[in-house]
Amino acid sequence: MNASDTIAAVATAVAPGQGGIAVVRVSGPAAEATGRSVVHCPGRQVCGSHRVMYGHVIDGEGRRLDEVLLLLMRGPRSFTGEDVVEIHCHGGVVAVQQVLERVLAHPGVRRALPGEFSQRAVLNGRLDLTRAEAVSELVAARSRRAAELAMAGLDGGIQAKITALRERLLDQLTELEARVDFEEDLPPLDGDALLDGLQQVRQALLTLVADGERADALRSGLRVALVGRPNVGKSSLLNRLSRRERAIVTELPGTTRDLLESEIVLEGVPITLLDTAGIRSTDDAVEQLGIARSEEALATADVVLLVLDGHAGWTAEDAALLARIPEHIPRILVANKADLPAGALPQPVDVQLSALEGTGEEDLVQALLERCGAAGTEGVLLALNERQRDLAATAAAALGRSQEVAAQQLPWDFWTIDLREAIRALGEITGEELTEAVLDRVFSRFCIGK
Ligand SMILES: Nc1nc2c(c(=O)[nH]1)N(C=O)[C@@H](CNc1ccc(C(=O)N[C@@H](CCC(=O)O)C(=O)O)cc1)CN2
Ligand SMILES: Nc1nc2c(ncn2[C@@H]2O[C@H](COP(=O)(O)OP(=O)(O)OP(=O)(O)O)[C@@H](O)[C@H]2O)c(=O)[nH]1
Ligand SMILES: [K+]
Ligand SMILES: [Mg+2]
């Protein structure tokens with residue numbers, strides 16, 4: 001990748017379809033010249049930064065391809081920090097591609113790689129890494145909560161927190177290094193205060209990691225499988241939670257034969273509900289295939305709702321199904337048909353409800369949000385992503401090691417090794433320590449044009 005290249009891409013939605021307007025974005029040294037040569041503006045040829053010009057994109061023979069607006073933003077006052085032009089054209093798929101082709105035909109201009117605009121913004125100091133990642137997360141957000149978390153990152157919350165912790169460590173490193181170099185000339189170091197400080201930073205990092213893990217459910221959503229014996233009311237419950245008649249419900253056991261998905265949002269958390277075939281032994285070949293899928297869903301879901309018939313009570317088949325849920329998967333025992341007289345429930349259940357009448361639904365939603373770690377996350381606004389969490393955990397581990405070194409009364413310079421490692425890891429979160437590998441890891445996941 002060469003920073004002296006000028007890059008171009010369609011910045012608006014690229015999936016097949018039409019939008020009213022589409023934007024072709026160009027960034028780099030040749031951006032302004034490209035904009036001026038591709039777009040012919042009548043009369044007002046002189047135009048300043050952050051101003052809009054009206055004109056036409058013409059092809060090689062001078063034919064008009066589109067009527068557009070041209071926006072010029074001169075570096076460093078632009079998103080990338082370089083000269084940027086945007087051509088705002090009509091949104092038809094063909095028109096946009098023709099405009100992009102005209103732009104790419106200009107000398108020195110090539111197609112942008114995924115995330116390359118944002119990468120340049122980072123390299124030019126316009127954005128730190130956590131903000132760039134937040135932009136990408138905002139674009140990908142599938143729910144209001146996920147978008148909220150991304151905005152908190154975009155506003156610089158993660159950067160500010162990590163930078164503050166890193167600076168505390170840098171201060172301590174300075175103190176320690178001064179002792180290593182000029183032991184005799186300085187007052188003795190307060191080892192306890194230093195250790196205290198390390199412990200506080202370590203604790204703050206561990207909290208950030210845990211909060212980020214909880215927030216992942218909000219960001220990426222959850223797969224929740226409804227599993228149970230035939231006729232306990234799995235499909236009825238799916239329909240109730242989905243607020244529509246998504247699945248067929250009949251009084252015949254074995255009605256659901258295939259896996260059925262329904263996307264819902266519970267308190268801002270995106271959830272994929274999976275309705276499954278009732279599990280029982282059967283000679284029906286089609287039903288057997290459906291049951292095999294149920295068992296796969298049971299083993300791969302993020303949360304299992306084991307549905308039972310509260311009227312019939314707890315049965316040996318329910319116990320067998322409960323035993324089949326892999327240990328690491330959170331489960332919720334739901335006794336359905338609470339509108340009918342209750343049968344015997346020797347095994348305590350988490351929620352009693354009636355899919356028919358809707359009673360108890362709120363309890364189920366709360367239990368679900370709790371099991372997936374999404375309950376009580378309203379205040380968790382600093383949600384580190386996986387990359388950031390790995391690095392925060394690396395830093396916390398390094399601080400843990402320096403605490404051990406202190407406990408063994410080893411000399412100061414032993415502490416500094418781990419302290420430096422922690423500082424490096426935190427710097428990698430915000431991009432203060434940038435390497436090619438970090439850039440690749442972060443930006444390869446962006447979409448084109450971002
Ligand atoms: N048309 C368009 N809309 C967009 C973007 C864009 O690049 N183009 N953005 C891209 O993600 C976002 C907005 N981000 C931007 C960030 C900085 C500047 C910019 O030119 N900043 C200058 C001027 C600020 C000012 O005049 O006060 C600067 O910071 O110096 C522009 C867009 C969302 N909407
Ligand atoms: N009284 C009562 N009946 C219910 C309730 N929920 C479901 N039913 C009835 O139970 C029967 C089976 O419901 P389904 O939703 O098809 O059950 P299922 O678990 O999906 O059944 P299979 O797909 O065959 O495994 C239907 O007649 C429903 O109307 C409930 O809360 N109360
Ligand atoms: K049924
Ligand atoms: Mg069903």
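Reader: Which kind of atom of ligand 1 lies 2.9 Å from a polar side-chain atom of histidine 50?

Author: Happy to! It is an oxygen atom of ligand 1 that lies 2.9 Å from the polar side-chain atom of histidine 50. Before we go on, a few ground rules. This is a predicted model, in which local features need pLDDT of at least 70 and side-chain atom pairs count only at pLDDT 80 or more, while totals for chains, interfaces and linings use all residues. Residues are numbered from 1 along each chain as its sequence is written, chains are lettered from A and ligands numbered from 1 in the order in which they are written, and side-chain values use heavy atoms, leaving out hydrogens and water.

Back to ligand 1. Arginine 77 also places a polar side-chain atom 2.7 Å from an oxygen atom of ligand 1, and glutamate 86 has one 2.5 Å from a nitrogen atom of the ligand. The protein covers 48% of the 680 Å² of accessible area that ligand 1 has on its own (Shrake-Rupley method, 1.4 Å probe). The residues around ligand 1, meaning those with a heavy atom within 4 Å, are Arg25, His50, Met73, Arg77, Ser78, Phe79, Glu86, Arg126 and Lys450. By class, this shell has 2 nonpolar, 2 polar and 5 charged residues, where Ala, Val, Leu, Ile, Met, Phe, Trp, Tyr, Cys and Pro count as nonpolar, Asp, Glu, Lys and Arg as charged, and the others, Gly among them, as polar.

Lys234, Ser236, Gly254, Thr255 and Asp339 come nearest among the 23 residues around ligand 2. A polar backbone atom of asparagine 231 is 3.0 Å from an oxygen atom of ligand 2, and a polar side-chain atom of serine 354 lies 3.3 Å from an oxygen atom of ligand 2. For ligand 2, the protein covers 89% of the 650 Å² of accessible area that the ligand has on its own. Its shell has 8 nonpolar, 11 polar and 4 charged residues. Helix 8 gives the largest share of that shell, 3 residues; helices here are DSSP runs (H or I) of at least four residues, numbered from the N terminus.

How values were computed: Polar contact = N/O pair within 3.5 Å; in protein donor to acceptor, adjacent residues only side chain to side chain. Helix = DSSP H or I, 4+ residues; strand = E, 2+ residues; numbered from the N terminus.
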